[in-house]
Amino acid sequence: MPSRVEDILMGDETLFKDITVFNPDFIPENYLHRELQMEALAISLRPALKGGKPVNTVVVGSPATGKTTAVHKIFEMVAQKSQKVATAYVNCQLYNTRFNIFAQIYQQLFGFLPAGTGVPFSRIYGEIMKKLTNEKKALVVALDDVNHLFYRKNANQILYDILRAHEVFPGVRTGVFCVISDIEFRFMLDKNVSSIFIPQEVIFDTYTWQEIRDILDDRVKAGFYPEVLSDELLDEIVDFTNSTGDLRVGIDLLRTSGNFAEADASRNIERKHLEKALQDFDSQSLKNTINNLTDDERGLLEVIVGQRDDNPTAGDIYNILNENKPLSYASFDRALKKLEFMRIIDTKFTGKGKRGNTRLIMLRFNHEDVEKYLD
Ligand SMILES: Nc1ncnc2c1ncn2[C@@H]1O[C@H](COP(=O)(O)OP(=O)(O)OP(=O)(O)O)[C@@H](O)[C@H]1O
Ligand SMILES: [Mg+2]
């Protein structure tokens with residue numbers, strides 16, 4: 001008889017009509033509620049299709065507002081409609097040197113990477129520009145998550161390489177779409193690049209509850225068999241997603257609750273599966289939060305987690321830390337406030353102690369989980 005483990009691995013029963021629909025790089029067929037932004041991008045590209053220069057554009061919006069999807073969609077449409085424009089998409093988190101970025105552009109224009117190791121940058125660059133000149137094509141490069149170039153301080157150089165190509169290769173028409181996910185980066189862009197780059201701005205605002213509902217509902221229909229998820233549970237997922245402001249959370253919850261239901265050999269997603277998915281989400285976000293702490297904050301958290309019995313007071317914890325390595329009370333307090341702000345701990349005034357301001361420290365997660373992620 002097959003074991004339960006085998007059943008889970010090999011069972012034919014599935015709730016997923018198409019599980020790839022929940023993958024992070026999935027491009028949805030229906031791209032909802034972004035007509036205005038798509039029109040704005042089309043307006044930027046239009047001159048290039050008519051033999052002119054594309055309009056440089058900044059695409060700004062919070063994480064998971066559909067910026068990357070929009071760029072892929074519009075580039076796909078351009079490829080179908082016109083032979084006059086070449087487009088290249090570059091993920092600057094992955095490719096952030098001058099050489100790597102132009103190798104990516106080269107690959108998307110020629111269909112293969114530049115041959116041989118040690119090809120000089122100038123050769124790749126020259127071949128790209130010659131191809132554009134010969135074929136009378138404009139070039140639009142999307143630099144996604146362009147903020148990664150600010151850290152390397154090469155944003156200006158790369159924009160210069162792209163936008164001033166016509167000075168060396170007369171007649172070449174080039175433009176860029178810079179994609180950024182934080183308003184702060186918008187200012188950094190102005191600070192980091194000179195006046196060669198004066199862009200149009202296209203804003204991707206966060207989705208409303210109803211928009212999230214429509215998008216997730218569409219994903220449910222594409223990914224699950226009918227009636228796998230009730231409207232009521234979908235609404236709950238939408239509520240939660242809306243409270244985090246991050247559409248990806250909703251898509252992940254759909255996938256994980258589907259997985260839990262399937263492992264349970266259930267024919268549909270039940271509340272307990274969603275609850276498990278939410279717990280899973282909590283511990284994932286705890287893990288991320290812990291990974292992003294500074295060394296001092298981690299040190300503090302380690303000491304707090306070490307106090308198994310009662311809820312320790314802030315004073316106890318300070319004394320332990322200070323014994324190991326002298327530390328000012330102000331920096332201790334700052335780290336403590338940060339942990340509270342990150343919702344890893346709660347603190348509570350007891351009304352006892354000097355001036356009644358003894359604080360108890362309570363861990364909001366179980367000790368084992370926190371310890372696991374601290375390792
Ligand atoms: N309007 C939409 N319709 C359908 N799916 C969408 C829509 N907007 C976003 N999504 C989905 O949400 C997820 C995040 O979208 P995307 O990667 O395009 O966001 P982003 O703005 O580039 O985020 P980040 O700033 O983190 O890079 C993807 O799975 C995408 O398919
Ligand atoms: Mg993106």
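Mentor: Here is a walk along helix α3 and what lies around it. This is a predicted model: local features need pLDDT of at least 70, side-chain atom pairs count only at pLDDT 80 or more, and totals for chains, interfaces and linings use all residues. Residues are numbered from 1 along each chain as its sequence is written, while chains are lettered from A and ligands numbered from 1 in the order in which they are written.

Start with the whole. The protein has 17 helices and seven strands. Helices (H or I, at least four residues) and strands (E, at least two) are DSSP runs, numbered from the N terminus. The C-alpha atoms fill a box of roughly 80 × 60 × 40 Å, taken along the principal axes. The domain assignment gives domain 1 (35-204), domain 2 (208-290) and domain 3 (293-374); such bounds come from an automatic or database assignment. The C-alpha centres of domain 1 and domain 3 lie 47 Å apart.

Now the helix. α3 covers residues 67-81, 15 residues in total. From first C-alpha to last, α3 reaches 21 Å, close to the 21 Å expected at 1.5 Å a residue. The expected span is 1.5 Å times one less than the number of residues.

Which residues of α3 are buried? They are Lys 67, Thr 68, Ala 70, Val 71, Ile 74, Phe 75 and Val 78. Seen down the axis of α3, these buried residues fall within an arc of 160°, so they line one face of the helix. The arc is that of the directions from the helix axis to the C-beta atoms. On the other side of α3, Glu 76, Ala 79 and Gln 80 are exposed. The cut-offs: a residue is buried if 20 or more other C-beta atoms lie within 10 Å of its own, exposed if 12 or fewer, and partly exposed in between, with C-beta atoms placed from the backbone. By that count, buried residues make up 33% of the 375 residues in the protein.

What covers the buried residues of α3? The cover includes helix α2 (35-49) and the strands β1 (57-61), β2 (85-91), β3 (138-144), β4 (174-180) and β5 (200-204). Contact here requires C-beta atoms, placed from the backbone, within 7 Å. Across the protein, residues 24 or more positions apart account for 68% of the contacts with a separation of 6 or more.

Next, the ligand. α3 and α12 (247-263) each supply at least two residues of the shell around ligand 1. Of the 19 residues around ligand 1, Pro 63, Gly 66, Thr 68, Thr 69 and Ser 181 come nearest. A residue is near a molecule if its C-beta atom, placed from the backbone, lies within 6 Å of it. By class, the shell has nine nonpolar, seven polar and three charged residues. Ala, Val, Leu, Ile, Met, Phe, Trp, Tyr, Cys and Pro count as nonpolar, Asp, Glu, Lys and Arg as charged, and the others, Gly among them, as polar. Domain 1 and domain 2 both give residues to this shell, so ligand 1 lies between them.

The 13 residues of α4 should span 18 Å at 1.5 Å a residue, and the end C-alpha atoms are 18 Å apart, which agrees. Ile 101, Phe 102, Ile 105 and Tyr 106 are the buried residues of α4. They cover an arc of only 140° around the axis, which puts them on the same side of α4.

Conventions:
Contact = placed C-beta atoms within 7 Å.
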